Amino acid sequence: HQLNMSVLVSVSDDVESALISTLAVVHPSPNDFRSTCASLITSSYSSFLLQFLTPSSIDLILTMEQREAEAMVTMICGLIKKVQDGKEEEKIETEIVAALKKSEKSNPESKLRLMCNLYNLRPSPSTPLLISVLSYASQTSQFKLLAKNVTEVDAMLNGVEAVGKRKAYLLAKEAFESIGDEGEGRKAAVKYLLTFTPSERLTPMDRPICKSLLRSFLTSPMTLWSQSTSFSELSCVLEISSDPDFKGIKELLDVFEEGKFDDWIEWKDRYGGEKGLGLNLDKCEDAMRLLSLCSLAQEQGEIPFDSIASALRVPPASVERWVVQAIASGLITGKIDQVKSTVVVERSVVRKFGVEEWKKLNGVIGEWKGRVMKTMEELKGRQKK
């Protein structure tokens, strides 16, 4: 999985000669440059690259035409592969990115293209390099150019340790939010929270980040059901639930994920709203009424207005308004029968999809399969006649 914006250029096996010859043409002292490079190459590819790829060398590359500059980076990547030392390779790449960022010889888009080339030509993913590229794209307001690729960040981080993934997911979250894509930002936040395992203790650095991310979800309960994750069962939630400022968070997440309005009132009476969680109580109550209506729709195909008014604790006259909001939010699909004062449900969102829901789905599919097989047998029988 690569980052876009790059052009890959083929080079010969004698990469170092091609690279030195190309840069020597634009160097102020070409003969001295060739001599110095030749002596460095005999020492090691790593020492050659670290001393050769100075800010001035990067400046020279950035003065070239875009395609020529990308060809130069391709040749540099060919040499980096010859180093055959992971730590040294990352050190060299860090120096290149730092020099690209610092240089004033080209525009931000050209620099980003070269960084993407550097990342794409790696034989294996590099979390520090990926983070550097995404960070630069975000800082220079160019993240939108890479957003499509970063939605597949899981594939880019395959095999990467948890600490590296967390850095990438946090950066992706902030970058997506910077371009107004809150949906992808929330997905990145969930992926960050999922990196913690039951056997792992939260570090002093991780703890406040987890709390901040969870607060962002708690302030928008309607977003929880769309994340395909049981937040109340996350190991990081279980650990911070003992903190004084997060008292009752597990129970609250259970309510938001599958509870009804009565459960919300019970939680609020028990925990007093818990100011430490940063809740907007009015917003939570509105969300819980809509989610309760969604649960009712899962249980009944036709719901009387009186049942809705009772479950949501609202006057019967306001039932239609809540039904319209639920339909507009995509929680349910249905029609209001004003004559019978009922809501006819066609479809409703499943708020939590766990083992029991899979069993029910398996049963429904089994019934459908049986009906289809029976119909096919009947059709075959008619054809024989």
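1. A word on terms before we start: a helix axis here is a line fitted to C-alpha atoms over the stretch in contact, and angles run from 0 to 180 degrees between N-to-C directions. Helices (H or I, at least four residues) and strands (E, at least two) are DSSP runs, numbered from the N terminus. Please keep in mind that this is a predicted model, in which local features need pLDDT of at least 70 and side-chain atom pairs count only at pLDDT 80 or more, while totals for chains, interfaces and linings use all residues. Residues are numbered from 1 along each chain as its sequence is written, and side-chain values use heavy atoms, with hydrogens and water left out.

2. Now the overall picture. The protein has 20 helices and three strands. Of its 385 residues, 44% are buried; buried means under 20% relative accessible area, exposed means over 50%, and partly exposed is in between (1.4 Å probe, protein chains only). The accessible surface is about 20200 Å², and carbon and sulfur atoms hold 52% of that surface. These areas come from the Shrake-Rupley method with a 1.4 Å probe; for residues, only the protein chains shown count as cover. Among contacts with a separation of 6 or more, 65% join residues 24 or more positions apart, where contact means heavy atoms within 4.5 Å.

3. On the α5 side the contact is made by Gln66, Ala69, Glu70, Val73, Thr74, Cys77 and Ile80, and on the α7 side by Ser110, Arg113, Leu114, Asn117 and Leu118. By class, six of these residues are nonpolar, four polar and two charged. For the classes, Ala, Val, Leu, Ile, Met, Phe, Trp, Tyr, Cys and Pro count as nonpolar, Asp, Glu, Lys and Arg as charged, and the others, Gly among them, as polar.

4. What does leucine 118 touch, leaving aside its neighbours within four places in sequence? This residue of α7 is in contact with Val73, Cys77, Ile80, Glu93, Ile96, Val97 and Leu129. Leucine 118 is buried, at 2% relative accessible area.

5. Valine 97 carries the story into helix α6 (residues 86-102). With a relative accessible area of 4%, valine 97 is buried as well. Beyond its neighbours within four places in sequence, valine 97 is in contact with Met115, Leu118, Leu129 and Ser132. For contrast, arginine 67 of α5 is exposed, at 58% relative accessibility.

6. Next, α11 (residues 162-178) and α12 (residues 182-194). These helices pack at an angle of about 165°, with axes 8 Å apart, and are therefore roughly antiparallel. Their crossing is left-handed. From α11, the residues that meet α12 include Tyr169, Leu170 and Phe176, and their partners in α12 include Ala188, Ala189 and Tyr192. The contact of α11 with α12 has seven nonpolar, one polar and five charged residues.

7. Helices α16 (residues 261-271) and α17 (residues 281-299) also have axes 8 Å apart, at an angle of about 150°. That angle makes α16 roughly antiparallel to α17. Phe261, Trp264, Ile265 and Lys268 of α16 make the contact with Leu281, Cys284, Glu285, Met288, Arg289 and Ser292 of α17. The classes here are six nonpolar, one polar and three charged residues.

8. Finally, two backbone details to check. Serine 141 has a positive phi, near 60°, in a residue other than glycine. This serine is in the loop between α8 (127-139) and α9 (147-150) and is exposed, with a relative accessible area of 71%. Arginine 313, not a glycine either, has a positive phi of about 55°. Arginine 313 is in the loop between α18 (305-312) and α19 (319-328), and counts as partly exposed at 47% relative accessibility.

How values were computed. Angles under 35 degrees count as roughly parallel, over 145 as roughly antiparallel, 65 to 115 as roughly perpendicular and the rest as oblique. A crossing is left-handed if the near helix is turned anticlockwise from the far one by less than a right angle, and right-handed if clockwise.
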